[in-house]
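Subject: Structure for you to look at

Hello,

Here is the structure I promised to pass on. Please open it and keep it beside you as you read.

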Amino acid sequence: MQDISRLSGAAIEEIAGYIKKANLESVNQNLDGAKVRNSFYTRYGKRMIDVLAGCIGFTISLPFNLVIAIVTFFDVGRPIIFRQKRLGKDEKVFTLVKFRNMTNEKDEHGELLPPEERVTKWGKFVRKTSLDELLNFWSIIKGDMSLIGPRPLHVFYSDRLCDRHKSIYKVRPGLECPSLHDTGHATTWTERLDNYVWYAENCSFLLDIRMIFRIIWLALDRKNTKARGDATTGELLGYDTDGSIIDSKNVPDRFVVEYCNAHGFTDLEAAIKSGETEKTTAGIAEKEAAATDQETISA
C-alpha cells in the first residue's frame with residue numbers, strides 16, 4: 001500500500017479511474033443492494049421534526065455563531081465562512097457552509113499545504129466539538145440537510161461509489177450519523193459508509209432519538225473528541241477486489257505502478273518530484289510573464 005496524497009489532483013483522479021475500471025463492476029455484482037426504509041416517518045415525520053429542530057437550533061445558536069465568527073476572524077482571517085458543493089438527497093448538489101478552521105498557508109510552489117498542517121488550534125477545537133457545524137441549522141430549515149443522516153460527501157465521490165453505497169443519496173444528509181458501537185479505532189471509509197447505508201435501511205423515530213443521545217455521549221467523551229480533532233482521512237478513490245474502500249493514503253501497489261508506467265516514472269517518489277518540478281516551472285513562468293507585462297506597462 002502506498003500514500004499518493006502528495007500527488008497532484010489530476011494524478012489522483014487518474015488513479016481513481018484505474019481503480020474504478022478494474023474493480024467497480026465486480027464489486028457491484030458481489031454486494032447486495034440496499035433496501036432503504038420507506039415509512040410515514042421517513043416521508044413526513046422526519047422532515048417535520050427537522051424543520052422544528054432547525055428553527056430552534058438556529059435561533060439558540062445565533063449568539064454562539066456570533067462569538068465563533070469573531071474568534072474565527074482573528075484566527076484565520078477573511079473569509080470566515082467555508083463554502084463547498086456537496087451532494088444531497090437524490091444526488092442534488094447543495095452548498096455546505098461551515099466556519100473556516102484552516103489557514104491558507106502555501107508551500108514554496110504556491111500550493112496549499114496539506115489540511116492537517118493548516119488546521120489551527122482553534123480549528124481543532126471547533127472540529128472536535130462540531131461547533132463549526134452550527135451554521136447548518138439553516139441548511140436543515142431549507143431542506144438540504146437533516147438533523148440525523150449520512151454526512152454529505154464531495155460531489156465527485158458519487159462516480160466512485162458502488163450501487164449499495166449510493167443508496168445513501170435516497171435520504172437527506174445529516175449533521176451527524178454516529179455508529180452506535182465503539183470500534184476502538186479511527187473509523188475507516190468502509191465502516192463509515194456501511195453505517196450510513198445501515199441507517200438508510202433502518203431509519204425510524206426511535207433510531208434518531210438513540211443517535212441524538214449517542215452524539216451527546218460522544219461529545220462528552222474526551223478521548224473521542226480528541227480523536228475527532230486529530231483525525232485525518234485520505235480521499236476516497238474506489239474499491240479493492242474484496243469490496244473494501246481504497247483511499248489516497250492506502251493505495252495498492254498495482255495502481256501506482258500502472259500510473260507510473262503510463263507516464264514513464266520509475267516510482268511514486270519520481271512522480272511526486274516531477275509534479276513539484278512542474279509547479280516550480282509554472283511559478284517561474286508566471287512570474288516572468290508578470291515581469292514582462294510590468295515592463296511593457298512601464299515602457
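Below is what I found in it, from the whole chain down to single residues.

Overall picture

Please note that this is a predicted model. The protein has 299 residues, and 39% of them are buried. The fold contains 10 helices and seven strands. Among contacts with a separation of 6 or more, 69% join residues 24 or more positions apart. The accessible surface is about 17100 Å². Carbon and sulfur atoms hold 57% of that surface.

The strands

Start with strand S1, residues 81-87. It pairs with strand S2, residues 93-99, in the antiparallel sense. Seven bridges link S1 and S2. One spot to look at is Arg86, which stands opposite Phe94 in S2. Five residues lie between the strands of this hairpin. Asp90 in the hairpin takes a positive phi near 60°.

S1 has another partner, strand S4, residues 153-154. This pairing is also antiparallel, over two bridges. Here Leu87 has Leu153 in S4 as its bridge partner.

The second largest pocket

This pocket holds about 290 Å³ of space. It is lined by 14 residues, and the closest to its centre are Thr42, Arg43, Lys89, Lys170 and Val171. Helix H2, residues 40-76, gives the largest share of the lining, with five residues. What is the make-up of the lining in nonpolar, polar and charged residues? Eight are charged, three are polar and three are nonpolar.

Is Thr72 buried or exposed? Its relative accessible area is 0%, so Thr72 counts as buried. Beyond its neighbours within four places in sequence, Thr72 is in contact with Gly77, Ile80, Phe99, Arg100 and Trp122.

Leu131 is in the loop between helix H4 (121-129) and helix H5 (137-142). Its relative accessibility is 24%, so Leu131 counts as partly exposed; the buried class is for values under 20%. Which residues does Leu131 contact, leaving aside neighbours within four places in sequence? They are Ile68, Phe99, Phe125 and Val126. Phe99 is therefore on the contact lists of both Thr72 and Leu131.

Best wishes

Technical notes: Residues are numbered from 1 along each chain as its sequence is written. This is a predicted model: local features need pLDDT of at least 70, side-chain atom pairs count only at pLDDT 80 or more; totals for chains, interfaces and linings use all residues. Side-chain values use heavy atoms; hydrogens and water are left out. Helices (H or I, at least four residues) and strands (E, at least two) are DSSP runs, numbered from the N terminus. Buried means under 20% relative accessible area, exposed over 50%, partly exposed in between (1.4 Å probe, protein chains only). Contact means heavy atoms within 4.5 Å. Accessible areas come from the Shrake-Rupley method with a 1.4 Å probe; for residues, only the protein chains shown count as cover. On a 1 Å grid over the protein atoms alone, a cavity is a set of points where a 1.4 Å probe fits but cannot get out, and a pocket is an open set with protein on both sides within 12 Å along at least five of seven lines; lining residues have an atom within 4 Å of a point. Grid points are joined across faces, edges and corners, and a volume is the space filled by probe spheres set on the points. Ala, Val, Leu, Ile, Met, Phe, Trp, Tyr, Cys and Pro count as nonpolar, Asp, Glu, Lys and Arg as charged, and the others, Gly among them, as polar. Two strands pair if DSSP finds at least two bridges between them.
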